[in-house]
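Subject: Structure for your review

Dear colleague,

Please find below the structure I am handing over to you.

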Amino acid sequence: MDIGDVFGQVDSHARRMALGAEGKGQGAGKFVVLVIKCAACKRKLWKYDKIGQGEVLRCHKDRITRMYEVKEEEGKVKCLCGKDVGIDKGSHIKMIGKAFTYTGTKRNS
Ligand SMILES: [Zn+2]
């Protein structure tokens, strides 16, 4: 069976994640889905597929699975409340410590 059939109904990002996980021999349990929130107003900013444990220091854009409303001004990523939460570095967002919080859910599979 072609793997494309298996993941045909899933969006391309999820498919890429699944294929990547297999390719690197990593267990799916190592992926954590985080909801990044503004520390000041608790607004949801985006969802992020994190690999492994540890602090969130940067968010790679190709692993952001959903963007909520954020502003980008002068290379900074801002919450709608006006707080800077990160700096746009092109392929990733460098996160500003203490400007954001997150909640994580380990992916069950
Ligand atoms: Zn905010």
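The notes that follow cover the overall fold, the sheet and the nonpolar core.

Please bear in mind that this is a predicted model. The protein chain contains 2 helices and 9 strands, and along the sequence these follow the pattern α-α-β-β-β-β-β-β-β-β-β. Of the 109 residues in the chain, 15% are buried. Among contacts with a separation of 6 or more, 46% are between residues 24 or more positions apart.

An open sheet is formed by 5 strands in the order E3-E8-E7-E6-E5, with antiparallel pairing. Strand E3 (58-60) and strand E5 (71-73) each have a single partner strand and stand at the edges, so one side of each has no neighbour in the sheet. From one strand to the next, the twist averages 30°. Within this sheet, strand E6 (residues 76-78) and strand E7 (residues 84-88) run antiparallel and are joined by 3 bridges; Val77 has Gly86 in E7 as its bridge partner.

The largest nonpolar core has 13 residues, of which Ile36, Leu45, Val85 and Phe100 touch the most other members. Two or more residues of this core come from each of strand E1 (31-38), strand E2 (44-51) and strand E8 (92-95). Leaving aside residues up to four places away in sequence, Phe100 touches Ile36, Lys37, Cys38, Ala39, Leu45, Val85 and Met95. In soluble globular proteins, nonpolar side chains tend to be buried together.

With kind regards

Key. Residues numbered from 1 in each chain as written. Predicted model: local features only at pLDDT ≥ 70, side-chain atom pairs only at ≥ 80, totals over all residues. Core = buried A, V, L, I, M, F, W, Y, C linked by C-beta atoms within 7 Å. Buried ≥ 20, exposed ≤ 12 C-beta atoms within 10 Å, placed from the backbone. Helix = DSSP H or I, 4+ residues; strand = E, 2+ residues; numbered from the N terminus. Contact = placed C-beta atoms within 7 Å. Pairing = 2+ DSSP bridges. Axes fitted to C-alpha atoms, helices over the stretch in contact; angles between N-to-C directions.
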